[in-house]
Amino acid sequence: MHDTALNHLCEGFLLAKEADGVADTTLETYRVMYRSLAFPQELFDDANLITQQDMQAWVISLSHYAAATRDQRIAKVKAFFN
């Protein structure tokens, strides 16, 4: 991952999940979800700039995935941002 604020948050989130005993496959699912976030660079630099509209655009970008895959990624990103 590149050195951005959002990347640091993601790495910290993954470390916390790992410490909680989350399975390796679940951790990898979180990584895949994170890599699928297609935001402008400024949003990676300052996660506070991410809006509901940015998240809605991301969800729309998942439309080519099967419903189960899309739902899994949405669930993981919700956990990350909560």
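The legends below describe close-up views of a predicted model.

Residues are numbered from 1 along each chain as its sequence is written, and side-chain values use heavy atoms, with hydrogens and water left out. In this predicted model, local features need pLDDT of at least 70 and side-chain atom pairs count only at pLDDT 80 or more, while totals for chains, interfaces and linings use all residues.

**View 1**
Helix α1 covers residues 5-19. Helices are DSSP runs (H or I, at least four residues), numbered from the N terminus. The 15 residues of α1 should span 21 Å at 1.5 Å a residue, and the end C-alpha atoms are 21 Å apart, which agrees. The expected span is 1.5 Å times one less than the number of residues. Leu6, Asn7, Cys10, Phe13 and Leu14 are buried in α1. They cover an arc of only 120° around the axis, so they lie on the same side of α1. The arc is taken from the directions from the helix axis to the C-beta atoms. Buried means under 20% relative accessible area, exposed over 50%, and partly exposed in between (1.4 Å probe, protein chains only). His8, Leu15 and Ala19 are exposed on the face of α1 turned away from the buried side. The buried residues of α1 pack against α2 (24-35), α3 (41-45) and α5 (67-81). Contact here means heavy atoms within 4.5 Å. Gly21 follows α1 and has a positive phi, near 90°.

**View 1. Glu11 on α1.**
Glu11 sits in helix α1. Is Glu11 buried or partly exposed? Its relative accessibility is 37%, so Glu11 counts as partly exposed. Glu11 and Gln72 are 61 residues apart along the chain, and their C-alpha atoms are separated by 19 Å.

**View 2. Salt bridges of Glu28.**
The structure holds two salt bridges. A salt bridge is a side-chain nitrogen of Lys or Arg within 4 Å of a carboxyl oxygen of Asp or Glu. One joins the side chains of Arg31 and Glu28 (3.9 Å, N to O). Another joins Glu28 and Arg35 (3.1 Å, N to O). Arg31 and Glu28 are three residues apart in helix α2, so about one helical turn separates them. An α-helix has 3.6 residues a turn, so residues three or four places apart point the same way. Glu28 is partly exposed at 35% relative accessibility. Arg31 is partly exposed at 29%. Arg35 is exposed, with a relative accessible area of 55%.

Helix α5 has 15 residues. From first C-alpha to last, α5 reaches 21 Å, close to the 21 Å expected at 1.5 Å a residue. Which residues of α5 are buried? They are Arg73, Ile74, Lys76, Val77 and Phe80. Their arc around the axis is only 165°, which puts them on the same side of α5. Ala68 and Lys78 are exposed on the other side of α5. The buried residues of α5 pack against α1, α2 and α4 (52-61).

**View 3. Lys76, a buried charge.**
Lys76 is found in helix α5. Its relative accessible area is 17%, so Lys76 is buried. Lys76 touches Thr26, Thr29, Tyr30 and Met33, not counting residues up to four places away in sequence. Lys76 and Met33 are 43 residues apart in sequence, yet 6.8 Å apart in space, C-alpha to C-alpha. Lys76 has no salt bridge. The nearest side chain of opposite charge, Asp20, is 12 Å away. For charge, Lys and Arg count as positive and Asp and Glu as negative; His and the chain ends are not counted.

**View 4. The largest nonpolar core.**
A nonpolar core is a set of buried Ala, Val, Leu, Ile, Met, Phe, Trp, Tyr and Cys residues joined through side-chain atoms within 4.5 Å. The largest such core has 20 residues. Leu6, Met33, Tyr34, Leu37, Phe39, Ile50 and Trp58 touch the most other members. Helices α1, α2, α3, α4 and α5 each supply at least two residues of this core. Ile50 touches Leu6, Phe39, Leu43, Met55 and Phe81, not counting residues up to four places away in sequence.
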